[in-house]
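Reader: I would like to go through this structure term by term. Please set each value against its definition.

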Amino acid sequence: MRPAESTDTPDAGGAAEWLILVYRVPSEPTRLRAAVWRRLKGLGAVYLQNSIAALPKSPAAERALQKLRHEILDMPGTAILMSSTVIAGDSHILNLYQSARTDEYDEIVDRCKDFLAGIEKEYQANHFTYAELEENEVDYTKLVNWLAKIRARDSFQAPGSTEADTALAQCAQALEDYASRVYAEESEAH
């Protein structure tokens, strides 16, 4: 077993270390299971089976899973947190993890398309106000923060990050262009 300060990436031998949370929560109320699922999804964990989730080992992941374990015990449920390397099937767990991150990057790209369509709609409706600009800035900031969260848990550089970066850059440019138009329209109005 390695010390807790291990890295997020595979070691020199190529085997990644994983934190495995095996848990059981009461079946009722269902909100308890949903809360655990949301927390694990938010951390970027992947399910190996029902109630068995895995995350690449890191100090931050270990702290988060320890906290979640205590919350499960308070439900009252059962939870065991283990540290492990995969003896056989490493590519399977890595593919699950990579697929989850790629799906998240794809969702960012989709949301960026929605953002760009929203900006285009503002142009078509001739809405060039500070209120509309502020609303779009808030939406853009959410995209930036969301991408940062995905990138923080992307331990193995999943496919799709470049496309997400490109899409977000397009959003930034569209927002900048829209802001310029708002400033021009507002200054002409006064």
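Author: Start with the terms for the sheet. Two strands pair if DSSP finds at least two bridges between them. Helices (H or I, at least four residues) and strands (E, at least two) are DSSP runs, numbered from the N terminus. This is a predicted model: local features need pLDDT of at least 70, side-chain atom pairs count only at pLDDT 80 or more, and totals for chains, interfaces and linings use all residues. Residues are numbered from 1 along each chain as its sequence is written, and side-chain values use heavy atoms, with hydrogens and water left out.

Reader: What is the strand order of the sheet, and how does the pairing run?

Author: Four strands make an open sheet, ordered 2-3-1-4, with antiparallel pairing.

Reader: Why do strand 2 and strand 4 count as edges?

Author: Strand 2 (46-49) and strand 4 (78-85) each have a single partner strand, so one side of each has no neighbour in the sheet.

Reader: What makes strand 2 and strand 3 a pair?

Author: DSSP must find at least two bridges. Strand 2 and strand 3 (residues 52-56) have three, in the antiparallel sense. Glutamine 49 faces isoleucine 52 of strand 3.

Reader: Which strands does helix 1 touch, and at what angle does it run to strand 1?

Author: Contact means heavy atoms within 4.5 Å. Helix 1 (residues 30-43) packs on the sheet and touches strand 1 (17-24), strand 2 and strand 3. Its direction makes about 170° with that of strand 1. Axes are lines fitted to C-alpha atoms, for helices over the stretch in contact; angles run from 0 to 180 degrees between N-to-C directions. Helix 2 (residues 59-73) lies across strand 1, strand 3 and strand 4, at about 155° to strand 4.

Reader: Why is cysteine 112 called buried?

Author: Buried means under 20% relative accessible area, exposed over 50%, partly exposed in between (1.4 Å probe, protein chains only). Cysteine 112 has 1% relative accessibility, so it counts as buried. Cysteine 171 is buried too, at 0%.

Reader: What makes a nonpolar core, and which residues touch the most other members of the largest one?

Author: A nonpolar core is a set of buried Ala, Val, Leu, Ile, Met, Phe, Trp, Tyr and Cys residues joined through side-chain atoms within 4.5 Å. The largest has 24 residues; Trp18, Leu21, Tyr23, Val36, Leu40 and Ile72 touch the most other members. Strand 1 gives the most to this core, five residues. A second, separate core has 22 residues, including Tyr105 and Val109.

Reader: How do you know that asparagine 136 is buried?

Author: Its relative accessible area is 5%, so asparagine 136 is buried. It sits in helix 4 (residues 130-153). Beyond four places in sequence, its contacts are Phe115, Ile119, Glu122, Leu175 and Tyr178.
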